[in-house]
Amino acid sequence: MLSPTRALEVVAASAALSCLCAIPFRGALAWRAGEFGAASRRQWHSGRWLVLTGLMQWLSGYGGLLVAGALLGVTLIGVLRAAQSILGVLNLIRDALENIVPPIAGRALAQGGLHGLRPVIGITAAIGFAGGLSFTALLALTGKSLLAAAFGPDMAAYAWVVAWYSLLFPVSLVSFAQICAFRALERTGAVFAATAAAAALNLALVYPAVRGFGIEGLLGVAITSEVLVCLVLAGLLRRVLPAPSGTLGSLQPA
């Protein structure tokens, strides 16, 4: 019964409802051009690296699919897209953390300096990794029934793809916690460096991996690239967090 038109209408209605619900909580609005300009310049100084990071993530995410489509055919691409559709529900958890963790990290940095930021990032990474592994185990047990219910019984044979693909989730939650630290420090150039390194590894290995090992090679490269992001960010964080906390005025955004 759900058509594309009706689905878009539901999304639009949900967005309109959320705007209406926010009106009573908007508070007093005041326009100060000077403060707006200063805040915008500071946001761009830090956020410009995140624009390039998004480009690197797009290359990593879709470059492998293009190579796999050319070498393996459309059937296995359909399997991967089906797995992504099922795992897309997990993005709700990341979106929720996106609204919670960055403000907490910024507040911890403002109140306790670098020593106050460290436990917030460590706890977030630990909870994210443990929770992500729990979802991976759940999908390993229910992936076959989910694929069969959503895409037909013929797809149930590829339940292992969902299980292996879901390993990206706990690793990405660890990197998310690390990214929140660099965002609080306004040093998002480190995030771009880690993502660019992972994208380079992905593009270099995806063709021989898919040609030699098929879909298993594609999944292996994707997981390895995500782990590389965590390792690079962890190495860069070790250079930042052991520094004396000092005052916020001594922190220089990169």
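Thr 124 touches Val 101 and Ala 177, leaving aside residues up to four places away in sequence; contact here means heavy atoms within 4.5 Å. Thr 124 lies in helix H4, where helices (H or I, at least four residues) and strands (E, at least two) are DSSP runs numbered from the N terminus. With a relative accessible area of 15%, Thr 124 is buried; buried means under 20% relative accessible area, exposed over 50% and partly exposed in between, for a 1.4 Å probe and protein chains only.

The model is predicted, so that local features need pLDDT of at least 70 and side-chain atom pairs count only at pLDDT 80 or more, while totals for chains, interfaces and linings use all residues. Residues are numbered from 1 along each chain as its sequence is written, and side-chain values use heavy atoms, with hydrogens and water left out.

Ser 166 lies in the loop between helix H5 (159-165) and helix H6 (168-185). Residues up to four places away in sequence again being excluded, Ser 166 touches Leu 87, Thr 136 and Leu 139.

**Salt bridges**

Side chains of opposite charge can pair when their charged atoms come close. The structure holds three salt bridges, each defined as a side-chain nitrogen of Lys or Arg within 4 Å of a carboxyl oxygen of Asp or Glu.

| Glu 9 | Arg 6 | 3.3 Å |

Glu 9 forms its salt bridge with Arg 6, and both residues lie in helix H1 (residues 4-22), three residues apart, about one turn of the helix. Glu 9 is partly exposed, at 44% relative accessibility, and Arg 6 is also partly exposed, at 47%.

Glu 186 counts as buried at 15% relative accessibility, whereas Arg 42 is exposed, with a relative accessible area of 54%.

Glu 98 is partly exposed at 30% relative accessibility, and Arg 183 is partly exposed at 30%.

**Helix packing**

The axes of helix H7 (residues 189-213) and helix H8 (residues 215-240) come within 8 Å and cross at roughly 160 degrees. Axes are lines fitted to C-alpha atoms, for helices over the stretch in contact, and angles run from 0 to 180 degrees between N-to-C directions. H7 and H8 are therefore roughly antiparallel to each other; angles under 35 degrees count as roughly parallel, over 145 as roughly antiparallel, 65 to 115 as roughly perpendicular and the rest as oblique. The residues of the contact of H7 with H8 comprise 20 nonpolar, five polar and one charged. In this classification Ala, Val, Leu, Ile, Met, Phe, Trp, Tyr, Cys and Pro are nonpolar, Asp, Glu, Lys and Arg are charged, and the others, Gly among them, are polar.

The axes of H2 and H7 also come within 8 Å, crossing at roughly 5 degrees, which makes H2 roughly parallel to H7. The contact of H2 with H7 has 18 nonpolar, seven polar and one charged residues.
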